[in-house]
Each structure stands twice: as C-alpha cells, then as structure tokens.
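Dear colleague,

I am handing over a structure that you have not worked with before. Please look through it first, and then read the notes below, which go through what was found.

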Amino acid sequence: MTSSELLTTLSARALEGKHVVFAGHGLPTLAVSLAQRTVSPGVEIIYESGVTGAQPADLPRSISDSVLVTGAAGVLPMAQLFNFVLQGQRVDVGFLGAAQVDRYGSLNSSLIGKDWRAPANKLPGSGGAIEAMAGAGEIFVVMRRHNPRSLVADLDFCTTPGPRRAAAARGGMMPAGLGVTTVITDLGIMTRRGIDEELVLTAVHPGVEVDDVRAATGWDLEVSKNLVTTVPPTGRELALLRDVLDPERVYLR
Amino acid sequence: MDKRTSLSEAVAEHIRDGQLVALEGFGHLVPVAAAHEIIRQGLRDLTLARMTGDVLIDQLLAAGCLKGVIGSFVGNSSAGSLHELRRRVENSDPVPLDLEEYSHGGMVCRYLAGASKLPFYPINSYRGSDLVALNGKIRSVKDPYGGEEIHVVPALNPDVTIIHAQRADRAGNIQAWGILGVQAEAAFAGRKVIVTVEEIVDDAVIRSDPNRTIVPSHVVDAVVHCPRGAHPHSVQGYYDRDDGFSRRWSELARDPRRLRDWLQENIHGTRDHAEYIARLGPDYWDRLQVEAAFSVPVNYGGRK
C-alpha cells in the first residue's frame, strides 16, 4: 500500500453521509470517485469545471476533463457555479488541496516565500478555493506531505482564510461555514470544529508515532485524548483504486 | 451579415499592441490557435485576461507578447507548472511580469460587471484573504441597504475577447456544449469579439437547437473556421485532451532555449494553424479521436 492509496481511501471514507461535494484539483478528484463506489453512492459531486452528477466511464485526468461530461447530469457555466452554487451555499463539503495549512485551517495556494513580489515559488493560485471556503458548509483538505513547511504556524501568504482569520480581518462578509474541519495527511488526520478551535490530531496512520507527527508540524500540535489509529484500505478499496479507477497511476503516485 | 474571415485577418484587424485581450475556455474550448496567431503576428505589450492560465500563457510570454496577466489560476493541468511564467514571477527572468490575481469567483464577477456595464460587482468571499492586500483593485464598500461591508471587484472589459466553440453559422451565432467556462460572460464584456469554431454550419442547424447558442451574433465581430483550434485542450465530441503534449511541455519549458526553439519551429515556422495541425500528421490526430455519444433530440415544436 502506498501513501497516496491510504490518503485517497481515508479521504473517500470521510465523505460518508455527505450529499453535495465540491471537488478541487488533484487527489480530491480520485477520492470522490472512490466514495461514489463505496461509502457514498448517492453523493452528488460538483467539479470546479461546473460538471454536476458526473458518472465518468474513465478516470478524469483533471477537473476539466471532457470525460466527466459524457453521461453527466448537468454542466453549469462558471457564473452559475461560483455565484449560485458556491456563493449560494449549496455545497456541504468542499474538498481541496493546498501548499500550506495553518493551525486554524487557513490555506495558502499562491506562493512560497515572504516577499510576495518576488516569491521563492510561484504556486498556481486560488482557483475556486476562496469561494469554496466562503460558501461550503465545511472544508476537507488532503495533503500528500506532512512537514513543517506545509503545516505552518504562519502562512507565507493566506490565499483562503478560514472563519477565524476572516473574523480578525475587516471589510467584507464572513464565511458561511465552519471552514476546514478535516485535514488528511500522509501521517494522520487532524480535525477542528468551532471557529476559534485549532486543528487537533485525532488519528495517526499505522506505524506512525505521535511524536513524529508533532515534530513534522510547524506549531505545538494538540493531540486528542481519544486518538485512534486509522484503518488501512480494505482489499476491495485497493482493488477499486488500482484496477478500476486509476490503473495508469495518474493520481496514485 | 456574413462575419466569416481568416484567423490572420481577424487578429490583424481587431488586435493592437498594448491592448487588453481575454482568451477564455476552462480546460476545454481554449482558443489556442488564436494565441498562436497573436505570436505569429508579433503583437506586443498585451495584457492577457484568463481564469485558468495554461501552456498558452508560457507560449505568449516566451514570444514576448505580454506585459501583464490577469487571472485566478496558473498551471499546466495535471502535468505541472508553467515554467516560463514562474521564471518571470520568481526571478524577473528575462523581465518582470505584472500578474494581477483574483480567485475564480473574482474573475467571474469582473466579467459579469463588464458584460452588464456596471462599474463593479459584489463578492462575499475575500474577507481575510491576503489577495486583498496584494491586489489593490479588490476593495470593499458599505452595503447601502444596511448590511455589512462587502468586497467588490472592478468591471473587466477586454478590448478584444477571443473564445473557441464547436460551431457557428456565418453570422456568428455561437453554439457550444460540454464545459462552458466563462466564455459567454467574457464575450459580452468584450469591446470586440473573435470566435474560432470547429465547424461553420448552415443557419438551419443553429436554428434547430436555439438553446444551444451561448453567444448571439450581435456580440460577435469575426467568426473563423479553425478545426482543432483548441489543441492540446479538448473539444467535446470532436477530440480529446492531449495529455502527452502537456507532459512534454512541462519538461520542455524548464529550458528557456528549448521553449524558444519550439516557438520558432512550430509557430513562427508555420504559415497558419492549418499547417501546424498538418505537420503533426494524421496518426497523431487518430490517437485523440473520441467516441460519439449523441444526445436525444429535444422537441422545439410550436403552435399548429
């Protein structure tokens, strides 16, 4: 079992009982496909490209892959997707990736380095992440690498503010939802609920020590009293991922 | 009115150095052939508006056509980074780039204001984002109806908007299906509009399915027959995305010299898009063929 297989499986399981899910770029695309075939067959997935109710015959290579459209329930233009669906608060869970996450679940997907005008690394930018955070009931984040550069005390740049950061700022409206409630990484799972609550380590993957996770986190990470160990993918989940959903390993690197 | 013209004439007639040009299309129906023609004609100091930056941004930058980019995402689909853009932003190599960033929702609202001839558009998502500090054009106003402050973004009215679609009639009624992006809003916001299409069809074809029209002819200044005009992106029902090209691009664009050699050979070294397409050869295009999946016809029947 690879780390990305574990991440994808746990991301899919987190969608159990969710009705309307907004899927961003990368691993979320694969995770929602697995959830559809396992824990959440009735979930309505809305891709960032505007496709709703997709039932693709082949794995989408990105959120704007035309394979998503053939046989889908609908395709919305961007103005409807962003203004009616996301800003209109129609989404239960937004599923996003990010380069950096802070302890209250604000996200950076714009740049690395403190000099915004000459960043060390230019990242792709917000895409629809800001609107997903502001409009969705909650946000799940999946991160391939849990280290002090990605789980940081201070974001180099806050692209996508959680409600706590938004409350501290001035001008403009507050996000409608809880912000980031679940962060799934290659070491474990962190969760938070209330606006002023921090991310708390609630699960570690088999073989991972709590001290490893704390050492890999850029702030003094709180650990839940009810810490559990995650359950690895079942044979069926692995077979679906490897043989049915991503045989060419587009996402399962 | 017959608005058909060639791509070279459309670009030569409607685009001038220094203008603001929108090229829209969300990973699908991207007007790549038009970007290549802008490169062939050596236009300079353009500002490009585009929600989802992709290989065409690297190409326009390396060709020296752009002084600025207005957008909300820059990347090469699932194949990685845009290395020419990163060199500009990270190291001002060879010159700096004026990159004006929004979220996707912010870009949508800019086009909506532009298309509606409003000075700005309200948006509820920016509170607490550093994009507000980075981009002075994102401002906030007091809700005149007694609510909270709300962020606003300014209207975007491109001098020229270019989009690609499946088909149009000679007058420029544009029909598209599949992922629709922000093409209609960007077209209505544009002062001039050029549309490239896979097929020019008879009026009767368009009139058999009027709900399929995303942009009416009165908005369009030039319509250009341009098969495979979105490659390496897909066109629903016509050809698939070319993932191999995107992967090769991410490799090639790491080296500025190889990138410029590619432009010399494939863009400057071709007379037009048809020659670019022909050079790749029939086998290449066979691999990108898609299987047909027709919709059930709808009944537009009216009064007896």
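In the second largest cavity, β5 (73-74) and β6 (98-101) of chain B each supply at least two residues of the lining. Helices and strands here are DSSP runs numbered from the N terminus, a helix being H or I over at least four residues and a strand being E over at least two. A cavity is a set of points, on a 1 Å grid over the protein atoms alone, where a 1.4 Å probe fits but cannot get out, and its lining residues have an atom within 4 Å of a point.

Before going further, please note that this is a predicted model, in which local features need pLDDT of at least 70 and side-chain atom pairs count only at pLDDT 80 or more, while totals for chains, interfaces and linings use all residues. Residues are numbered from 1 along each chain as its sequence is written, chains are lettered from A and ligands numbered from 1 in the order in which they are written, and side-chain values use heavy atoms, with hydrogens and water left out.

To return to the second largest cavity, its volume is about 30 Å³, a volume being the space filled by probe spheres set on the grid points, which are joined across faces, edges and corners. Its lining consists of A:Pro124 together with B:Gly71, B:Ser72, B:Phe73, B:Val74, B:Leu99 and B:Glu101. By class these are four nonpolar, two polar and one charged, where Ala, Val, Leu, Ile, Met, Phe, Trp, Tyr, Cys and Pro count as nonpolar, Asp, Glu, Lys and Arg as charged, and the others, Gly among them, as polar.

Turning to the interface, 48 residues of chain A and 52 residues of chain B are in contact (heavy atoms within 4.5 Å). The two chains bury about 4,300 Å² between them, with 57% of that area coming from carbon and sulfur atoms; buried area is the accessible area (1.4 Å probe) that two parts lose on being put together, summed over both. On the chain A side, A:Met78, A:Lys122 and A:Met173 lose the most area to chain B, together 16% of what that side buries. Four salt bridges are found across the interface, each being a side-chain nitrogen of Lys or Arg within 4 Å of a carboxyl oxygen of Asp or Glu. In a salt bridge, the side chains of A:Arg165 and B:Asp130 meet at 3.7 Å, N to O.

Lastly, some backbone features in chain B deserve a look. Most residues other than glycine have a negative phi, and most peptide bonds are trans. The bond from B:Asp93 to B:Pro94 is cis, with omega near 0 degrees, and B:Pro94 lies in the loop between α4 (83-91) and β6 of chain B. Another cis peptide bond, with omega about 15 degrees, joins B:His231 and B:Pro232, and B:Pro232 is placed in the loop between β14 (222-225) and α9 of chain B. B:Asp45, a residue other than glycine, has a positive phi near 60 degrees, and is found in the loop between α2 (32-40) and β2 (46-49) of chain B.

With best wishes

Conventions:
On a 1 Å grid over the protein atoms alone, a cavity is a set of points where a 1.4 Å probe fits but cannot get out, and a pocket is an open set with protein on both sides within 12 Å along at least five of seven lines; lining residues have an atom within 4 Å of a point.
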